[in-house]
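Please read the following note beside the sequence and the three-dimensional view. Each numbered point takes up one topic.

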Amino acid sequence: MTTQTHSFQAETARLLNLVATALYSEREVFLRELISNASDACDKRRFLAQQQADLLDADASLKILIAANRDAGTLAITDGGIGMDHDDLMANLGTIAKSGTADFAAAMAESKDASSLIGQFGVGFYSAFMVADRVTVDTRKAGTENAFRWESTGDGSFTITDIDGAETPIGTTIVLHLKGDAHEFLEAYRLQALVRLYADHMTFPVSLLSEDGEAEQINEAQALWLRPKAEITDEQHKAFYNHVAGTFDEPWETLHLNLEGQLEYTALLYLPTQRPFDLFQPERRCQIKLFVRRVFITDDAPELLPAYLRFVQGLIDSQDLPLNISREMLQNAPQLQVMNRQLTKRVLSTLAKRKKDDPEGYDQFWEAFGAVLKEGLYEDRDRGEDILPLVRFKSTTQDGLTDLDGYLGRMKEGQTQIFYATGESEASILASPHLEGFRDRGLEVLIAADAVDAFWIPTTGAYDGKFFVSITHGAADLSAFAADAGVDAETDGTYGKADTGAEATDPGELIAWLKTRFDQDVADIRPTDRLADSPACFVASENSMDMQLSKILKASGQDAGAVQRVLEINPRHPLVASLATEISSAPGSTRAEQVADLLFDMALVVEGEAPRNPGTFAKSLAQVLDGALKG
Ligand code: ADP
């Protein structure tokens with residue numbers, strides 16, 4: 001018998017320390033995690049046995065047994081699952097490898113208050129150390145002769161010892177040496193209640209061994225999704241959802257579908273309440289598990305749902321696919337494409353119904369997953385009609401969220417376009433000078449602050465025949481709307497007619513002069529009525545990309561090409577008026593040049609960019625301010 005001692009990977013050691021010391025109010029979840037792992041291990045063994053029959057003598061061993069020993073203060077969880085060999089133990093129980101636990105580690109690295117995170121994540125196997133000060137794992141992998149014992153007190157290192165393979169059945173037994181304050185988990189009534197809660201939906205029998213050696217099966221061991229819909233309780237759905245998704249939240253919506261016809265399959269899908277941490281990580285894909293006639297096949301079948309529905313959890317169980325289907329076959333299986341189409345349609349129609357019946361609940365969903373769903377608007381253009389009505393926005397005139405139909409209903413007389421503003425955040429959009437003229441005229445502008453908005457809105461183009469118009473892109477003709485929020489102006493084509501008071505300067509001469517100065521820097525310079533309190537701003541030229549889109553592309557390392565910018569000036573602003581007077585009365589004035597440069601750089605600053613030459617900008621500004629104080 002040889003024993004080797006190994007150190008935990010640094011992240012794991014930190015996690016273990018946290019788990020062991022955190023005062024965690026619901027520490028009974030360790031049992032959920034361990035039974036869940038045992039059930040997964042049984043799934044894997046049954047799947048492998050499809051290809052290699054000798055890996056499973058009979059379905060009889062695919063079960064889970066829980067035994068408490070009061071005298072020893074131990075709790076043992078035994079499964080007849082796939083088991084682990086030496087390499088598996090090193091990889092699985094020495095490091096933080098994947099799924100929930102890896103996300104936890106990532107979140108932990110970012111968060112200052114890591115202990116509050118435990119409640120949001122399953123920490124998997126390591127949660128055993130919430131209740132145990134020593135854990136042993138005896139295991140033998142299906143198809144191998146050698147068995148091993150993994151052991152740790154959860155403090156930095158673990159050992160792996162060879163044990164007698166002939167004496168160790170295939171599968172895994174985890175023994176928890178319970179901490180002094182965790183002996184409640186030896187009580188039969190407590191265990192029964194917990195096992196019922198966590199294992200009821202499981203496909204494999206879960207039994208509790210009583211003190212006198214009798215095994216009592218606690219769950220029905222019938223796949224939850226095959227039970228009649230009406231008989232499944234909300235608690236069972238929650239427990240099952242938590243098991244398949246590795247989460248702790250409630251399902252926000254449950255879809256239990258029995259589909260027949262071209263293909264026969266059952267789908268049990270859950271839409272989560274909480275946004276998972278990895279939702280926007282590039283490797284995050286569809287999470288749906290694939291079963292064939294109750295046998296777990298894979299949780300890596302991204303073909304089942306489009307990427308913009310990657311928050312959906314659950315499984316599908318097919319009657320038609322072959323049990324020995326390979327990854328390559330899955331990729332091209334026409335059946336999966338059919339399922340993908342049908343399920344996508346069902347999910348979207350469920351969302352539409354929920355939006356109508358329960359707008360507040362829908363808002364909650366939207367806050368968590370709206371940004372992902374919107375990806376569908378450019379990835380799956382055919383579904384645009386189904387997705388667009390689901391989209392919610394904040395807007396400059398509404399409290400809470402609105403949708404496009406709501407916007408159309410509030411459009412002003414004569415308004416033919418849907419105005420929207422893209423930007424880095426809601427706050428930066430609301431502070432943007434581009435909004436001033438719209439605000440003054442009571443024109444509603446949709447706030448498009450998600451990165452994805454800069455992509456889908458331009459590609460979508462229009463809704464219900466009304467074009468989307470970015471307020472930072474191209475010219476804005478607001479002359480048809482009066483500035484005193486409400487009454488439409490009579491227009492006679494005079495520039496600036498619609499404004500409240502300030503006389504508009506004739507900007508012709510000023511603009512000609514500015515053009516000679518900034519010819520190299522901008523595509524055009526023109527007057528605008530989109531501004532009210534600000535003297536100038538930049539917009540993207542009609543023929544060029546939106547500024548926000550270009551920023552996003554650049555940030556992600558893509559070559560966006562330069563945006564052609566137009567400098568727009570506000571002919572009703574006093575500074576612009578004074579500048580116009582200065583250049584006509586004192587041609588060649590260096591003061592005018594200085595002010596024009598400041599005006600240009602200030603417009604850059606508003607865009608979140610640095611002035612062309614920050615040093616010169618600061619000196620120049622100081623000079624002008626000094627002059628203002630003295631003057
Ligand atoms: P997760 O289940 O999220 O992957 P865990 O920490 O719970 O994370 O488990 C890590 C890995 O250890 C599992 O993915 C699995 O490969 C292995 N494992 C855990 N428990 C068992 C078991 N009872 N039988 C076989 N393998 C197991």
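**Notes on charges, rings and burial**

1. Asp71, Glu211, Asp212 and Glu214 form a patch of negative charge on the surface. Patches consist of residues with over 30% relative accessible area and no salt bridge, like charges being joined within 9 Å. Asp212 is found in the loop between β8 (206-209) and β9 (215-217); helices (H or I, at least four residues) and strands (E, at least two) are DSSP runs, numbered from the N terminus. Asp212 counts as exposed because its relative accessible area is 63% (buried means under 20%, exposed over 50%, partly exposed in between, with a 1.4 Å probe and protein chains only).

2. The model is predicted: local features need pLDDT of at least 70, side-chain atom pairs count only at pLDDT 80 or more, and totals for chains, interfaces and linings use all residues. Residues are numbered from 1 along each chain as its sequence is written, and side-chain values use heavy atoms, with hydrogens and water left out.

3. A salt bridge is a side-chain nitrogen of Lys or Arg within 4 Å of a carboxyl oxygen of Asp or Glu. By this rule there are 35 salt bridges. In one of them, Arg70 joins Glu187, with the closest N and O atoms 2.9 Å apart. Arg70 lies in the loop between β2 (64-69) and β3 (74-79) and Glu187 in the loop between β7 (171-178) and α6 (188-199), so this pair ties together parts that are 117 residues apart in sequence. Arg70 is partly exposed at 42% relative accessibility, and Glu187 is partly exposed at 26%.

4. Arg612 forms a salt bridge with Asp601, their closest N and O atoms being 2.9 Å apart. Arg612 is partly exposed, with a relative accessible area of 39%, whereas Asp601 is buried, with 5%.

5. Rings of Phe, Tyr and Trp (its six-membered ring) pair if their centres lie within 6.5 Å; planes under 30 degrees apart count as stacked, over 60 as edge-to-face and the rest as tilted. The count by this rule is 24 aromatic pairs. Trp150 and Phe158 make a stacked pair, 5.8 Å centre to centre with 25 degrees between the planes, and both residues are buried.

6. Tyr241 and Tyr270 make a tilted pair, 5.4 Å centre to centre with 45 degrees between the planes. This pair links distant parts of the chain, with Tyr241 in helix α7 (residues 234-245) and Tyr270 in strand β11 (residues 265-272), 29 residues apart. Both tyrosines, Tyr241 and Tyr270, are buried.

Definitions and conventions: Patches are made of residues with over 30% relative accessible area and no salt bridge: like charges are joined within 9 Å, nonpolar side chains (Val, Leu, Ile, Met, Phe, Trp, Tyr) within 5 Å. Accessible areas come from the Shrake-Rupley method with a 1.4 Å probe; for residues, only the protein chains shown count as cover. Lys and Arg count as positive and Asp and Glu as negative; His and the chain ends are not counted. The place of a charge is taken as NZ of Lys, CZ of Arg, CG of Asp or CD of Glu.
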